[in-house]
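Colleague: I have some questions about how you label things in this model. Can we go through them one by one?
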Amino acid sequence: MKEQLEKIEVLAKEELGKCSAIKALEELKIKYLGKKGELTAILKQMGKLSAEERPVIGQLANKVRTDIEEAVNSKLAALKADAQAAQIKEESIDITLPGKFAPFGKFHPLTKVENEIREIFMGMGFEIADGPEIDDDYHVFEALNLPPDHPARDTQDTFYIEGTNETNLLRTQTSSVQVHVMETQKPPIRIISPGRVFRSDAVDATHSPLFHQIEGLVIDKGITMSDLKGTLEMLMKKLYGNDCKLRFRPHHFPFTEPSCEVDISCFNCGGEGCSMCKDEGYIELLGAGMVHPKVLENCGIDSNEYSGFAFGLGLERMVMGRYDINDLRLLYENDVRFLEQF
Amino acid sequence: MNLSMKWLNDYVKADMSIKDYCHALTMSGSKVESYEVEGSSISNVVVGKILSKGQHENADALFVCQVDIGADAPIQIVTNAKNVKEGDLVPVALDGAVLPEGKIKKCKMRGVESFGMFCGLDTLGLTAHDFPYADPEGVFVIEEECTLGQDIKSAIGLDDTSVEFEITSNRPDCLSVIGLARETAATYNLPLNVKAPEFKGVDGDINSMLKVDIHNTEKCQRYCAGIVKNVKIGPSPRWMRERLRASGVRPINNFVDITNYVMLEYGQPMHAFDLRYVEGAHINVRNAVNGEKIMTLDGVERELTDDMLVIADDKKPVAVAGIMGGEYSGIMDDTTTVVFESAYFEPTQVRRTSKALRLKSDASARYEKGVDRLISMTCLKRAFELVEELGAGEVINTVIDCDYTDKTPAEVEFNAEWINSFLGTDISESDMINYLGRLGFKVENGKVIAPSFRIDIECKADIAEEVARIYGYNNIPSTDFRGVAKAEFTEVQKFVRTLRNTAVSLGGYEIATYSFVSPKYFDKIKLPADSRLRNVVKIQNPLGEDTSVMRTSTIPSMLDVLSFNYNNRNEKACLFEIAKEYLPVAEKRNYQGDDALLVNSGKPRHEYDYQLPDEPQRITIGMYGGNCDFYTIKGMVEQLLDEMKIYDVEYIRATDSDAFDEKTAMHPYRSAVIMKDGTALGIIGEVHPDVQETYEIGTKTYVAKLNVPELMACAEDKITYSPLPKFPATTRDLSLIVDDEVPVAAIEKAIKGAVGKILEKVTLFDVYKGQQIESGKKSVSYSISMRSHDGTLTDEQADSAMKKALKALAAIGAELRA
């Protein structure tokens, strides 16, 4: 019987060595270890053995069973690992095929840059004020120290509203929001106001009868021209990086005194002079100044107690500079092939 | 204003480089647009003398000349010029010369070598106005003093530099050479040399020759006049012509040139009349009579009104004051006696008249901004000084001066401390006084006294600006912002921000369109004749019809962009815009409570209300292509509403609602108005086939418009968490047969009403019409999920709920599908 057991173990292991499929392995397991398996058949004959032989053979039989079981299990693990490796290999995909998109839209480039500027000013404590696009002469001109017959009105190419005797008009500048804010808010005031403005300019690559400005207004006790410079420098450094330089040039606006135009070092040459900046090294960016005392007084703010600064920048120019867009018309044509680039 | 640098150097020694000059003046406030070095497009052209001129052997029309160009040997030039002869001095473009129109190279002409070319005026970029003696058609025969071989530019005075300034409207004093010389001197801290003009004159009593009366001393505050007799009309000398040319003014004759010269030099417009045509030898400065007519120098007859000012003789107007002379009173070739006028006209008067007549001139451009009130007599004298210098006639040594000007100078408090605190600087008082002095201001007894040419000085901020610009804006320190920052978006701004972000995350491309549109859109979207959307804000002076009315609907703008994209062969588009409509209001707004007064001035707000239109914001969505249908855009709108926390809206047929007149732009059976508690929030639908065709879009197109204020009003303002369920849900499926026209919303409403509180969700999973279904009916299938928070639902509870549901469904004609 001992020989029989030993033979079974040898045979089982021999057969196991030839086994290469999981199914065959399971059949083998049943053949040797199952209830009707060969080992069981031998063990059924245990009763015929003597009392001395029984524990020896029993022990041996258990060992044979354990050995076969272990061999089968380890073979099974190896076969499973092989099968999985094969399957994983088979599942290879082309990882350069494009991804599957959920639909996602795009912000208009005007919105993108406007949002950026809004955020910078919010960080500096500026609130966002809105004002009417169709406004009146008082808010757009007169209260801003541009009385009737002021020569500077010529430069504004105003659209007037029919039937209002030229009292109502499309605002030519967001500066009108300054007046609306000062009518409804006590100082300290710290606002920006982005919005649409309108001038009677025919459409071409750099002109549009509708464009966007961002107005800024600060009124408080002790506001200086240094504050104006510091604020605008902060804005431009945040927008264009720490290397950009600003240049302040005296200018004239009826609603500020002193007034200035602000140029930024050329994005292309950094101030050396190139074809983009017409050899100037600088590009005109915005107009600014200290709020004219008459404007404060017109709005009922004591100019001896309060001072302030204001500025207005053209959004289109900043958008075009930022994205190298050379034709303003693209912004209002809204071709999806243009919009999808932002 | 174009400035001749040669002229400038009469008054200030400006010998710095031109680049340095332009930069420095720009930075002190006189912005240089550009500069032009005269003759920079000409090189290698010299003065030559024609030694001999002979016939070309092979061509009748050509001549062969030997020309002395100051070199060792003469050069040979072939020309077709008939107006030159032996001994003439001519400009010779040598081999390799550059001219405005191109390069010159030696060549063979009909077999004879030519080593250059003779130049005419036009080849040098000149006209007969520059050299009146020269033949404008032929070669320029030079009559100037010059040497052989001399560069042509210095020989004929083409060596000036002209600087173009952009002068702002507050500084008319800088529309003059002396004004800019003053700015130059102040910028560089150089001495300014302006001498008072003097003339000798001949004895004569002007009062016996001419009488002047000002009838409106408010509009004409000063009128100076003088007379030149025995005038010799002719071209002015070369130096004057050169300076006029560099200033962009065409030389005419000595008298006209003198008036222009003085205007350019001092900024004071001058006028010269022929005394013969001043009837009664009487000048009246008066208001025009309504309907009075004058033919101005530009050859146009103009009808005047009584608010305009004219210079008139006893019978007729001879000039529109400060703007332009009459055609028949100007200087002619046979003029013998000239009257010079130097006057001060009130700016608004000139400006209004100029605007009304649509007539502008160099004179009106200066008068309407404001010339120096006190300079009229100086300029008259300067004109006479020039008349004598040019030998153009005899000046009568007495003059007329009708003077009603207020000579009180503008005075402003001088407070160095305040200026520093306003600018954020630390400039010493003595430096400030120095800067102001250079600009012509005096500081006395704590006051700054403005010179009479500075019409823009009114307040201490003006003085701060003068100090700042000479000190240098870029020398002012920059300070970081101080103070407490407390800013946040308003509720509207937050709402719009979320709306925009959501529209983008749902696949919308944001667009930007014009606020003004063509009135043709009314018909393009088939609005009825009495639609309120046809009541628009119109622009009085539009660029064209396409941009002539403020839109009352954003939908046509969206259709335009969809059409543009479709016609650019973009396969699909899903667009949105958040922008305004402009709706006229019937009357002024009613301000009450805290709103009734302006906060800073305390004035009644009502007085500052000019009845402006409403400008409500809209979100407009449009799409075509990409297999989209009504339910695609509806899905986008539903998700948008859900994200904006607007729940339980109802979709009713657009044809059953009067809320949106744009329903005519939509397919009547594929459009809806979105309702919430009786308020119309928006309209959505497929574009009507007619409208689609009008807009030239060749595929099904969908649009939606939602009113932002209404959306905001019904948006929930907070989110409340509902506890996660503890007990399982029970699900029942229902397949129903119902009349085709019964909307699924009605079925869902019935189910919801019947099942009640335990209803968790009703999900439509199939709609079927076809063979197995009786025609005119449809099959709809729902999965109904029920759940209780108190315990697991029993089958009995679920079945009983279903029974109630079926009963309610039966009431609307829906039956279980067999």
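Colleague: Which residues in helix 1 of chain A meet helix 4 of chain A?

Modeller: This is a predicted model. In helix 1 of chain A, the residues are A:Lys2, A:Leu5, A:Ile8, A:Glu9, A:Ala12, A:Lys13 and A:Leu16. Their partners in helix 4 of chain A include A:Ile57, A:Leu60, A:Val64 and A:Asp67. By class, the residues of this contact are 11 nonpolar, no polar and five charged.

Colleague: Why are helix 1 of chain A and helix 4 of chain A called roughly parallel to each other?

Modeller: Their axes come within 10 Å and cross at roughly 5°. Angles under 35 degrees count as roughly parallel. The two helices are therefore roughly parallel.

Colleague: What makes B:Leu244 in helix 5 of chain B buried?

Modeller: A residue is buried if 20 or more other C-beta atoms lie within 10 Å of its own. B:Leu244 is one of the buried residues of helix 5 of chain B, and B:Arg241 and B:Ala246 are also among them. The buried residues of this helix pack against strand 1, helix 1, strand 11 and helix 6 of chain B. Just after helix 5, B:Gly248 takes a positive phi of about 85°.

Colleague: How many residues does each chain give to the contact between chain A and chain B?

Modeller: Chain B gives 80 residues and chain A gives 74. On the side of chain B, helix 12 gives the most, with six residues. That side has 38 nonpolar, 28 polar and 14 charged residues.

Key. Residues numbered from 1 in each chain as written. Chains lettered and ligands numbered in written order. Predicted model: local features only at pLDDT ≥ 70, side-chain atom pairs only at ≥ 80, totals over all residues. Buried ≥ 20, exposed ≤ 12 C-beta atoms within 10 Å, placed from the backbone. Helix = DSSP H or I, 4+ residues; strand = E, 2+ residues; numbered from the N terminus. Contact = placed C-beta atoms within 7 Å. Axes fitted to C-alpha atoms, helices over the stretch in contact; angles between N-to-C directions. Parallel < 35°, antiparallel > 145°, perpendicular 65-115°, else oblique. Nonpolar A, V, L, I, M, F, W, Y, C, P; charged D, E, K, R; others polar.
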